[in-house]
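Reader: I would like to learn how to read a helix, a pocket and an aromatic cluster. Please take me through them.

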Amino acid sequence: MWPRIGELRTLALGTPGELRATLNTLVLAGVKTATAGRLAEYAEEGEELERVGERLALIDDDDALAGVVEITGVEVVRFADVPWDFARAEGEGDRSIEEWRAGHSAYWARLGTPVDDDTPIVCLRLRLVSGGEAGVTSGDLGT
C-alpha cells in the first residue's frame with residue numbers, strides 16, 4: 001500500500017531527487033495538471049485507482065507533505081493511445097506526443113518496467129488544492 005498522510009493517499013511523482021523536485025514544483029506552480037502511471041503498479045502495490053474528487057497528499061523525497069491535489073479525471077488507455085492534450089497537461093515541456101512517448105518509455109525502461117504500445121496507462125488529471133505545509137489545513141487532509 002502507498003503511504004498515507006492523515007486520511008489521504010500520497011502521490012509521489014517521478015523518482016526521488018531532482019526529478020521529483022522538478023515535478024512537484026510544476027504541480028505547485030499550476031503548470032502540471034496531469035500525471036501518468038502504469039496500471040500494473042496499482043496491482044503491485046495493492047491499491048485501487050484514484051477516483052474523481054479524491055484528494056491526494058503530494059509528497060517530497062522525505063515523504064513530507066508538499067501540497068494537496070484533487071483528482072479531476074481518471075482514464076485508463078493503451079500507451080499508444082495517450083492523447084496529446086493529456087501529455088501536454090503533464091507540463092513537462094514535451095513538444096509532441098512522440099516526444100512524450102519516447103521520454104516516458106525511456107523513464108519506465110530505466111525503472112525496469114518497460115512499456116509497449118499495449119501497456120495500460122492510468123491518466124490522472126489533477127488540480128492543486130493547497131501547496132506547502134503552511135497552506136494545508138486539516139480539512140485538506142480529510143481529518
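Author: Helices (H or I, at least four residues) and strands (E, at least two) are DSSP runs, numbered from the N terminus. This is a predicted model: local features need pLDDT of at least 70, side-chain atom pairs count only at pLDDT 80 or more, and totals for chains, interfaces and linings use all residues. Residues are numbered from 1 along each chain as its sequence is written, and side-chain values use heavy atoms, with hydrogens and water left out.

Reader: Which residues of helix α1 are buried?

Author: Buried means under 20% relative accessible area (1.4 Å probe, protein chains only). In α1 (residues 18-28) they are Arg20, Leu23, Asn24, Leu26 and Val27. Seen down the axis of α1, they fall within an arc of 160 degrees, so they line one face of the helix. The arc is that of the directions from the helix axis to the C-beta atoms. Gly30 follows α1, with a positive phi near 80 degrees.

Reader: How do I read an aromatic cluster?

Author: A pair of aromatic rings is described by the distance of the centres and the angle of the planes. Here, rings of Phe, Tyr and Trp (its six-membered ring) pair if their centres lie within 6.5 Å. The structure holds 3 aromatic pairs. One cluster is formed by Phe79, Trp100, Tyr107 and Trp108.

Reader: Which element gives the largest share of the lining of the largest pocket?

Author: Helix α4 does, with 5 residues.

Conventions. Rings of Phe, Tyr and Trp (its six-membered ring) pair if their centres lie within 6.5 Å; planes under 30 degrees apart count as stacked, over 60 as edge-to-face and the rest as tilted. Buried means under 20% relative accessible area, exposed over 50%, partly exposed in between (1.4 Å probe, protein chains only).
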